[in-house]
Amino acid sequence: MNRLLTAAAADIVSAAPQPSPAPGTFGLEPLHRHALIRTSNAELLRDLGSRLLGADRIDFRSANRFEAVVNLIELDSIGLAFGATSCDMVSDHRAADFIRVQIAMTGRAVSCARGEATDVTDQQIAVAPAGVPWQMACEGGHRRLTLRIEPQALRQRLAALVGVQPRADYAIGSAIPANDPHARSLLRLLDFLGTQLNEQDAAFPAAVYRELEEAVQVAFLCASRHRFRDALIDPAPMPDFGLVKRLEDYIEANWREPITIERLVREAGVSARSIFRVFERVRGYSPIAFAKSVRLRRAHEMLRSGDPSVTVAAAAAACNFANPGHFARYYRATFGELPSVTMARAERS
């Protein structure tokens, strides 16, 4: 094991609370609908960890009394996982084809890649690159979210944002301060995504998946440390104001489909930074907010139609709203009444 991680693991073990938490104390975890591992058997965890998580080695302290939980969902270009163990643990993992973003919910861990150890706490997010072995040491009771990001999709997103194709080996820093405003935006977005994935029995509409994945990637690029970060955050040159109307017409014509950054950049011929800046200057909102308003208007038309086959849930799904409760809140803020009221009035007329 890397000496940095060995020292960190020893530090964690010496600081860990005693006794170890008893099994069954994790409660209802994030992503509980997507359970991957739930066991109190150390050897079973080692076997599942090897086969499902690429772990070459998993060592425990007080392994005779523990619980381990891993929940995982993988979307097209990102994945989101929750992990927790009731005892101190050190694990070595094979190289993976995704970037790992480790976010502490409670407790402390240490992530190590390329000989660099990074604390995972409520003050700091750790980033481990793709394509290299990775190790982790965590104290008993540590709970964390892990965001997985496909590197090629991230490079494509970055190229669309800054208008420059980054090299395949562009470096991303191993640590993100958790109190950074862009990091807080990323955490809020992941909390929203995790809540949706916990609440929904049915799959999201495809456009919702695409837009949420893109939003997560953009938030991560703005929060992480790399040489393109200033270009993402600093103001961009202002394009012609007529671009706003052209893109609004494009969104109106394609509202059923995912409104992604790449599509807007291709249509506009300018960088994503310029698009968002001119929308904010001219309209006071983003193109994504405009797409939401278009979809709300389409839902309003559906509910006013009097068609007996149209329900509130059906209108929400048809217009790419993943959560009927959130749809109802957005609808009321826009039209001054709940969608059920609109539908009932149409049925009476």
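Predicted model: local features only at pLDDT ≥ 70, side-chain atom pairs only at ≥ 80, totals over all residues.
Me: How many helices and strands are in the chain?
Reply: The chain has 13 helices and 12 strands. These are DSSP runs numbered from the N terminus: helices are H or I with at least four residues, strands are E with at least two.

Me: OK, H4 and H5. What's their angle?
Reply: About 155°, with the axes 8 Å apart. H4 covers residues 181-199 and H5 covers residues 206-223. They are therefore roughly antiparallel to each other.

Me: Which residues make the contact?
Reply: From H4, they are His182, Ala183, Leu186, Leu189, Leu190, Phe192 and Leu193. From H5, they are Leu212, Ala215, Val216, Ala219, Phe220, Cys222 and Ala223. Contact means heavy atoms within 4.5 Å.

Me: And by class?
Reply: There are 13 nonpolar residues, 1 polar and no charged ones. Nonpolar covers Ala, Val, Leu, Ile, Met, Phe, Trp, Tyr, Cys and Pro; charged covers Asp, Glu, Lys and Arg; the others, Gly among them, are polar.

Me: How does H3 pack with H5?
Reply: H3, residues 151-162, packs with H5 at about 75°, with axes 10 Å apart. H3 and H5 are therefore roughly perpendicular to each other.

Me: Which residues meet there?
Reply: Ala153, Leu154, Arg157, Leu158 and Leu161 of H3 meet Glu214, Gln217, Val218, Phe220 and Leu221 of H5. That contact has 7 nonpolar, 1 polar and 2 charged residues.

Me: New topic. Where does Ala128 lie?
Reply: In strand S9, residues 124-128.

Me: Is Ala128 buried or exposed?
Reply: Ala128 counts as buried, because its relative accessibility is 1%. Buried means under 20% relative accessible area, exposed over 50%, and partly exposed in between, using a 1.4 Å probe and protein chains only.

Me: What is Ala128 in contact with?
Reply: Ile99, Arg100, Ser111, Ala113 and Trp134, leaving aside neighbours within four places in sequence.

Me: And how much of the chain is buried?
Reply: Buried residues make up 52% of its 349 residues.

Key:
Residues numbered from 1 in each chain as written. Heavy atoms only, no water. Axes fitted to C-alpha atoms, helices over the stretch in contact; angles between N-to-C directions. Parallel < 35°, antiparallel > 145°, perpendicular 65-115°, else oblique.
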